[in-house]
Amino acid sequence: MKTKTEFSAPSATDIQFVRRFAADRSRLWALWTQAEHLRNWWGPKGFTTPVCEVDFKPGGVWFYCMQDAAGQHYCGKMTYDEIDPPHRFSATDVFTDEAGNLNPDLPAAHTEIAFAEVNGETVVTGFSRYRSQSERDQIIEMEVEAGLSQTLDRLDEYLQSLME
């Protein structure tokens, strides 16, 4: 059951997405928190995730590099702040180079991902707060909605493949 990702901007510095998945919360939690799963769906259509290292604990880091069809890498790092299994986690999310060094030209965000079970499905809500409206707008101009929609489509496809 593929659903559409809904986006909103609750304030001048925030971006939020909501997506419903036909699976229980514990399964979605695992898919979002374990490298063995993330590497199979993280990134827009046509991308792979050849680098995916997860240390899922407060203070731990998820470092990843996505690769497009031309071989270009796009890397990022989340440093986990709070973890409340299987309800939510929060992290500081930054763009990096392939060695994991911060890219100062791109904005950081405080991100929270929440998982709510509703009628046997899971609603995943993502919320990112930037330091300013111009930083939030920079991310919007980078087509975050299209990229994240495609990424969550890939999550839905991966989820379906696990259920077959």
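## Surface and burial

Accessible areas come from the Shrake-Rupley method with a 1.4 Å probe. In this predicted model, the chain exposes about 8400 Å².

Burial is counted by residue. Of the 164 residues of the chain, 41% count as buried, where buried means under 20% relative accessible area.

## Overall fold

The chain contains four helices and eight strands. Along the sequence these elements follow the order β-β-α-α-β-β-β-β-β-β-α-α. The radius of gyration is 15 Å, close to the 15 Å that the globule rule gives for 164 residues, so the chain is as compact as a globular protein of that length.

The C-alpha atoms fill a box of roughly 40 × 35 × 30 Å along the principal axes. Among contacts between residues at least 6 apart in sequence, 49% join residues at least 24 apart.

Strand β5 covers residues 73-84 and strand β6 covers residues 88-96. The two run antiparallel and are joined by nine bridges. They form a hairpin, with three residues between them. In this pairing, D84 stands opposite R88 of β6.

Strand β6 also pairs with strand β7, which spans residues 109-118. This pairing is antiparallel too, and it extends over six bridges. Here F89 stands opposite I113 in β7.

## Charges

The chain carries 15 positive and 26 negative charges. The mean positions of these two sets lie 3 Å apart.

Conventions:
Residues are numbered from 1 along each chain as its sequence is written. This is a predicted model: local features need pLDDT of at least 70, side-chain atom pairs count only at pLDDT 80 or more; totals for chains, interfaces and linings use all residues. Side-chain values use heavy atoms; hydrogens and water are left out. Two strands pair if DSSP finds at least two bridges between them. The radius of gyration is taken over C-alpha atoms; the globule rule is 2.2 Å times the number of residues to the power 0.38. Buried means under 20% relative accessible area, exposed over 50%, partly exposed in between (1.4 Å probe, protein chains only). Contact means heavy atoms within 4.5 Å. Lys and Arg count as positive and Asp and Glu as negative; His and the chain ends are not counted. The place of a charge is taken as NZ of Lys, CZ of Arg, CG of Asp or CD of Glu.
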